[in-house]
Amino acid sequence: MYKSIMFLGYLLALLLSVLCLFLILMVLVRRDERRNPIFVLLRNLEMTVFALGSLYFWFFFRESVLYIYDIRTPVRIFDYSLFGLLLYQWLRIEYKYAGIPKNKARIYAAVFPAFRFAVSTIVTSLYMDDYYRIADRAVSEIWTIFLSICCVMCISILLASAYLSLKKITYANRRNYVMVYTGLMIILELWEIRMDIPLSLGLFGISEWEMNVIDITALIAFVMSFVTFSYIFREDFSPLYIKPPADREPSEKSDTSDGAVLINMADTEDAHALKGVSKEHLYANAAIADVVPTEANVMLSEAIRNRKLERISELHGLTEREHEVLIYLYDGFSNPMIANELVISINTVKKHVRNIYEKFDVSSRMELIHFVNSVRLKEDS
């Protein structure tokens with residue numbers, strides 16, 4: 001019974017991970033900005049989760065079906081490398097949300113995982129047997145202390161990076177994703193220590209599964225994939241692929257605190273993100289926002305809007321051409337429409353859009369609109 005549950009758990013985790021990767025690829029294919037940094041990082045993160053789940057599924061299959069318990073040095077090193085890579089990929093995402101430049105983010109995210117992996121590789125190669133056991137008692141004690149210190153450092157880094165990213169994030173879906181996934185990373189780190197120390201001390205013999213030790217690695221991998229799947233589905237997949245229901249009941253709300261009136265639409269998170277957007281904008285972006293405009297919509301006056309967009313462009317270092325593209329994006333123009341208005345190629349438009357996303361740290365037009373509408377200038381107060 002125990003082995004059947006474990007087998008099913010790993011299988012479900014792998015299937016959901018594959019589904020999550022498929023969802024990411026569909027978004028990357030459908031979007032104009034196919035090199036979107038956030039989704040590329042998410043793809044890399046989920047590929048690491050899939051690799052980790054596949055490796056442990058293979059471990060379990062060898063032990064439970066083939067009765068092969070020894071794990072050679074290269075495989076053990078690969079095992080430790082995947083945990084380090086998973087931490088690196090997640091830190092890259094959090095640093096991206098925190099607005100840290102790409103080159104610095106790569107260095108910051110790689111330092112601790114690389115150090116821990118280097119030490120783990122040395123210990124694994126020189127002192128561990130094929131069952132993760134360390135015969136030398138002095139080395140075993142040092143290894144235990146090292147793992148404990150690394151666990152504390154890893155959790156501290158995860159919490160600090162989460163704090164930095166949450167300070168910058170205003171989008172609720174993204175905030176929830178960062179908080180939940182950071183929690184899962186901490187749980188995984190604690191569980192890794194919970195398994196590694198007894199294994200190195202030989203408390204599990206040649207296999208913890210043969211001793212019916214509860215293993216939640218498959219459960220953690222499953223929840224990680226599920227959380228990422230839910231986040232991507234709400235972030236971009238649903239607005240891109242799923243049309244809003246025609247019979248949705250609208251709810252009327254108004255907010256004149258910043259000179260804008262919230263348009264009549266379904267009471268969803270996207271509705272709040274699109275506050276103050278014109279009717280034409282919404283219809284032009286029907287594939288982006290899961291909302292249906294009803295009747296008259298009131299937005300910021302054109303003068304206030306232009307002043308706001310000019311100020312935002314200055315603050316974020318947009319070029320004159322990128323500023324022009326920003327105006328059209330905000331007004332709901334598609335890439336071909338922008339190319340036609342500015343008499344440039346669609347590829348050039350895509351390049352400008354990518355640059356704007358990068359400078360504003362957003363990953364979709366919906367987020368761009370939300371960002372612009374959330375900015376308050378002194379003259380708006």
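**Questions about a predicted model**

Colleague: Let's start with cysteine 151: is it buried or exposed?
Modeller: Buried means under 20% relative accessible area, exposed means over 50%, and partly exposed is in between (1.4 Å probe, protein chains only). Cysteine 151 comes out at 8% relative accessibility, so it counts as buried.

Colleague: Before we go on, what kind of model is this?
Modeller: Residues are numbered from 1 along each chain as its sequence is written, and side-chain values use heavy atoms, with hydrogens and water left out. Local features need pLDDT of at least 70, side-chain atom pairs count only at pLDDT 80 or more, and totals for chains, interfaces and linings use all residues, because the model is predicted.

Colleague: How many helices does the chain have?
Modeller: Helices (H or I, at least four residues) and strands (E, at least two) are DSSP runs, numbered from the N terminus. Read along the sequence, the pattern is α-α-α-α-α-α-α-α-α-α-α-α-α-α. There are zero strands, and the number of helices is 14.

Colleague: Back to cysteine 151: how far is it from glutamate 189, C-alpha to C-alpha?
Modeller: Cysteine 151 lies in helix H5, while glutamate 189 lies in helix H6. The two are 38 residues apart in sequence, but in space their C-alpha atoms are apart by 6.5 Å.

Colleague: Which residue meets glutamate 189 in a salt bridge?
Modeller: A salt bridge here is a side-chain nitrogen of Lys or Arg within 4 Å of a carboxyl oxygen of Asp or Glu. For glutamate 189 the N to O distance is 2.7 Å, and the side chain on the other end belongs to arginine 116. Glutamate 189 is in helix H6 and its partner is in helix H4, so the pair ties together parts 73 residues apart in sequence. Both are buried: glutamate 189 and arginine 116.

Colleague: Aspartate 130 has a salt bridge too; which residue is its partner?
Modeller: Aspartate 130 is partly exposed, with a relative accessible area of 25%. The N to O distance is 3.3 Å between aspartate 130 and arginine 76.

Colleague: And how many residues apart are aspartate 130 and arginine 76?
Modeller: Aspartate 130 sits in the loop between helix H4 (102-126) and helix H5 (137-168), and arginine 76 sits in helix H3. They are distant parts of the chain, and their separation is 54 residues.

Colleague: What about lysine 359: which residue does it meet in a salt bridge?
Modeller: Lysine 359 counts as partly exposed, because its relative accessibility is 31%. The N to O distance is 2.8 Å, from lysine 359 to glutamate 322.

Colleague: How do H3 and H6 run: roughly parallel or roughly antiparallel?
Modeller: Axes are lines fitted to C-alpha atoms, for helices over the stretch in contact, with angles running from 0 to 180 degrees between N-to-C directions. Helix H3 (residues 73-97) and helix H6 (residues 172-201) pack at about 160 degrees, with their axes 12 Å apart. Angles under 35 degrees count as roughly parallel, 65 to 115 as roughly perpendicular, over 145 as roughly antiparallel, and the rest as oblique. So H3 and H6 are roughly antiparallel.

Colleague: Now the surface: which helix gives the most to the nonpolar patch?
Modeller: Patches use residues with over 30% relative accessible area and no salt bridge, joining like charges within 9 Å and nonpolar side chains (Val, Leu, Ile, Met, Phe, Trp, Tyr) within 5 Å. This patch, whose members include Phe7, Leu8, Phe61 and Phe226, has about 910 Å² of accessible area together (Shrake-Rupley method, 1.4 Å probe; for residues, only the protein chains shown count as cover). Two or more residues come from each of helix H1 (2-30), helix H2 (37-66) and helix H7 (217-241). With five residues, the one that gives the most is H1.

Colleague: Last one: is valine 343 buried or exposed?
Modeller: Valine 343 is found in the loop between helix H12 (335-342) and H13. Its phi is near 55 degrees, a positive value in a residue other than glycine. At 71% relative accessibility, valine 343 counts as exposed.
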